[in-house]
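Take a look at the protein below. Turn it around before you read on.

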Amino acid sequence: MPLLHFHIIKGSRTPDELKILLDTAHDAMLEAFKVPVRDRYQLVSEHEATHMIIEDTGLAIPRTNKVVLLQVVSRPRSKEQIENFYRHLAEKLEKECGLSSSDIMVSIVQNSDEHWSFGLGRAQFLTGDL
């Protein structure tokens, strides 16, 4: 955990490009949130272009068909960690994927330890397993 859910436009990336996107985002998360390397939970949802409208709340941020909406569900993180994640993510995705920072939108939803079960019908953060 955190859980990263990527929303992209269907057909906008090859399987290799998608792998690089996911690997790069994982690296940014590791750097910013200091979680273990195998703490990797990622989902990808592909949407028809007409089913993804990502506008900019009046900020005049241009978007292309490479736009990524990233939803992150995580235990609480500090403002500094979150800002570092945004920065590292944008820098790394531009360098590794050629993705403009204007094509990255992130929403982080924080929850508590009791909101996670990694399997076996147990809340591992509460039981001390994690």
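This is a predicted model: local features need pLDDT of at least 70, side-chain atom pairs count only at pLDDT 80 or more; totals for chains, interfaces and linings use all residues.

Residues are numbered from 1 along each chain as its sequence is written, and side-chain values use heavy atoms, with hydrogens and water left out.

Start with the fold. The protein has three helices and four strands. Here helices (H or I, at least four residues) and strands (E, at least two) are DSSP runs, numbered from the N terminus. Read from the N terminus, the order is β-α-β-β-α-β-α.

Next comes overall size. Along the principal axes, the C-alpha atoms fill a box of roughly 45 × 30 × 25 Å. The radius of gyration is taken over C-alpha atoms, and the globule rule is 2.2 Å times the number of residues to the power 0.38. A compact globule of 130 residues would come out near 14 Å; the protein has 15 Å, which agrees.

How does the chain meet itself? Contact means heavy atoms within 4.5 Å. Take the contacts between residues at least 6 apart in sequence: 74% of them join residues at least 24 apart.

Now the surface. Accessible areas come from the Shrake-Rupley method with a 1.4 Å probe, and for residues only the protein chains shown count as cover. The total is about 7,900 Å², and 53% of it belongs to carbon and sulfur atoms. Buried means under 20% relative accessible area, exposed means over 50%, and partly exposed lies in between (1.4 Å probe, protein chains only). By this rule, 38% of the 130 residues are buried.

What fills the inside? In soluble globular proteins, nonpolar side chains tend to be buried together. A nonpolar core is a set of buried Ala, Val, Leu, Ile, Met, Phe, Trp, Tyr and Cys residues joined through side-chain atoms within 4.5 Å. The largest core here has 24 residues, and Phe6, Leu70, Phe85 and Leu89 touch the most other members. Helix α1 gives the most, with nine residues. Apart from this core lies another, of five residues, including Ile9, Met52, Ile54 and Val67.

Zoom in on phenylalanine 85. Leaving aside neighbours within four places in sequence, its contacts include Ala25, Ala28, Met29, Leu70, Val72, Val106 and Ile108.

Beyond its neighbours within four places in sequence, threonine 24 is in contact with Lys92, Leu93, Glu96 and Cys97.

On to the charges. Side chains of opposite charge can pair when their charged atoms come close. A salt bridge is a side-chain nitrogen of Lys or Arg within 4 Å of a carboxyl oxygen of Asp or Glu. The whole structure holds seven of them.

Which parts does the pair of lysine 66 and glutamate 17 tie together? The closest N and O atoms of this salt bridge are 3.9 Å apart. Lysine 66 lies in the loop between β2 (41-47) and β3 (68-74) and glutamate 17 in helix α1 (residues 15-33), so the pair ties together parts 49 residues apart in sequence. Lysine 66 is partly exposed at 28%, and glutamate 17 is partly exposed at 36%.

Aspartate 23 and lysine 19 both lie in α1, four residues apart, about one turn of the helix. Their closest N and O atoms are 2.6 Å apart. Lys19, Asp23 and Arg40 are linked in a network of salt bridges. Aspartate 129 and arginine 122 also meet in a salt bridge, at 2.3 Å from N to O.

Last, check the backbone. The peptide bond from methionine 1 to proline 2 is cis, with omega near 20 degrees. Proline 2 lies in the segment before β1. Threonine 57 has a positive phi of about 55 degrees although it is not a glycine. This threonine 57 sits in the loop between β2 and β3 and is exposed, at 79%. Alanine 60 has a positive phi near 60 degrees. Alanine 60 is found in the loop between β2 and β3 and is exposed, at 67%.
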